[in-house]
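Visitor: Could you walk me through how some helices pack in this model, and through one of its pockets?

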Amino acid sequence: MARGNGRNTGREGSGRPTMTDIARIAGVSQSSVSLVLNEMSGSRISQETQQKVREAAHKIGYRLPATRSPVAAAPTVEKDTIAFIVDEISTSPHPVVSLDGIRDYAFEQGLLVSAHATRSNPDLEDAVLRSVLRDPSIAGVIYATIFTRKVLVPKALKSIPTVLLNCYCEPRQHVAIVPGEVAGGFTATAHLTSLGHKRIGFINGEPWMDAAMDRLKGYKQALATADIAFDESLVRDGDWLPLRGYEAGLDLLSLDNPPTAIFCGNDLMAIGVMEAAQEKGFRVPQDLAVMGYDDQELARYTHPPLSTLVLPNYEMGQKAAEILIDMAIHGKQTRAMTIKVDGPLVVRETTGAVRRG
């Protein structure tokens, strides 16, 4: 938010013109002023309102920071900001945790972070990119997605140091930081085999997603390493939500020879499985071991507390910031590659040694 001289006197000439002054003159919100002046075409603000805002800005001599003439004492603008551009940030905790990692590492290095959520709106993304690229304080861009997937990187990002976070492109043109999902699926399943479990159910996420496919690969690899044959009848597709975990859990626990352990593709489905186990008369972990994935905050507060595997969003954010700062600030040459960050196992109280055949 733009700030004036610390006190709103209600006069147009009090100090440097601000967006607040424009909003008052045009009779619109400051958010509308910001959208118009930053050319956010996806905002659907009427042409009449846009004209009012531009006329008010012209009347008081307001210019965007990126277009203001440099003053004699500061002929150049220090590149001290990282732009974090993500398709969605409000529907999942994961990109927020990544942003925390970026912010903390950047601040230690003397940089700040500006965050932009595009909601997968092409017009909004184009407007954000225009705003970012004309801002001389932006050192580089971390371009992220809410779930791991292949992306088509905007051509505009070829002109500025860019690191991909939780996404990747083909052919490789940028450094990409992604979670080590195969290793995660392996580690979670191997924890259960180490406890003596041989019939291990797996409730996966939506099967078309990269995370689901890779966690299934890790599950299969861990079984093979323990000389346990893969049994397709013990695998169910889910949707990452508790209800589906509950339904799939009931299904698996109703088998003639039910699993002694169930590995879930995320913590929310594991909570559903624990409810199903209680309904079917299975005690956790005495009769059924339950393993989650992600280590969301709620995993600490289930009854009993949930064993899980950390999805390393914070560490991924830190790594992305580290590499971007090396490139943009220190001039380090970094070849395009995909870096996978593994998450640690967190053993709590829902997994124990097998007690039945």
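Predicted model: local features only at pLDDT ≥ 70, side-chain atom pairs only at ≥ 80, totals over all residues.

Visitor: Are α8 and α9 parallel, perpendicular or oblique to each other?
Guide: Helices here are DSSP runs of H or I with at least four residues, and strands are runs of E with at least two, numbered from the N terminus. Helix α8 (residues 242–253) and helix α9 (residues 267–280) pack with their axes 7 Å apart, at an angle of about 45°, where axes are lines fitted to C-alpha atoms over the stretch in contact and angles run from 0 to 180 degrees between N-to-C directions. Angles under 35 degrees count as roughly parallel, over 145 as roughly antiparallel, 65 to 115 as roughly perpendicular and the rest as oblique. The angle of about 45° therefore makes α8, relative to α9, oblique.

Visitor: Is the crossing of α8 and α9 left-handed or right-handed?
Guide: A crossing is left-handed if the near helix is turned anticlockwise from the far one by less than a right angle, and right-handed if clockwise. By this rule, the crossing of α8 and α9 is right-handed.

Visitor: Which class do nine residues of the contact of α8 with α9 belong to?
Guide: Contact means heavy atoms within 4.5 Å, and the residues that make it include Tyr246 and Leu250 of α8 and Met269 and Val273 of α9. Ala, Val, Leu, Ile, Met, Phe, Trp, Tyr, Cys and Pro count as nonpolar, Asp, Glu, Lys and Arg as charged, and the others, Gly among them, as polar. Three residues of this contact are polar, three are charged, and nine are nonpolar.

Visitor: How do α6 and α7 lie to each other, roughly parallel or oblique?
Guide: The axes of helix α6 (residues 181–194) and α7 come within 7 Å, and α6 passes α7 in a right-handed crossing. They cross at roughly 40°, and α6 and α7 are therefore oblique.

Visitor: Which element gives the largest share of the lining of the second largest pocket?
Guide: A pocket is an open set of points on a 1 Å grid over the protein atoms alone, where a 1.4 Å probe fits, with protein on both sides within 12 Å along at least five of seven lines, and lining residues have an atom within 4 Å of a point. Of the 23 lining residues, those closest to the centre include His94 and Trp240. Both α7 (210–225) and β3 (138–150) supply at least two residues of the lining. The largest share, three residues, comes from β3.

Note on methods
Residues numbered from 1 in each chain as written. Heavy atoms only, no water.
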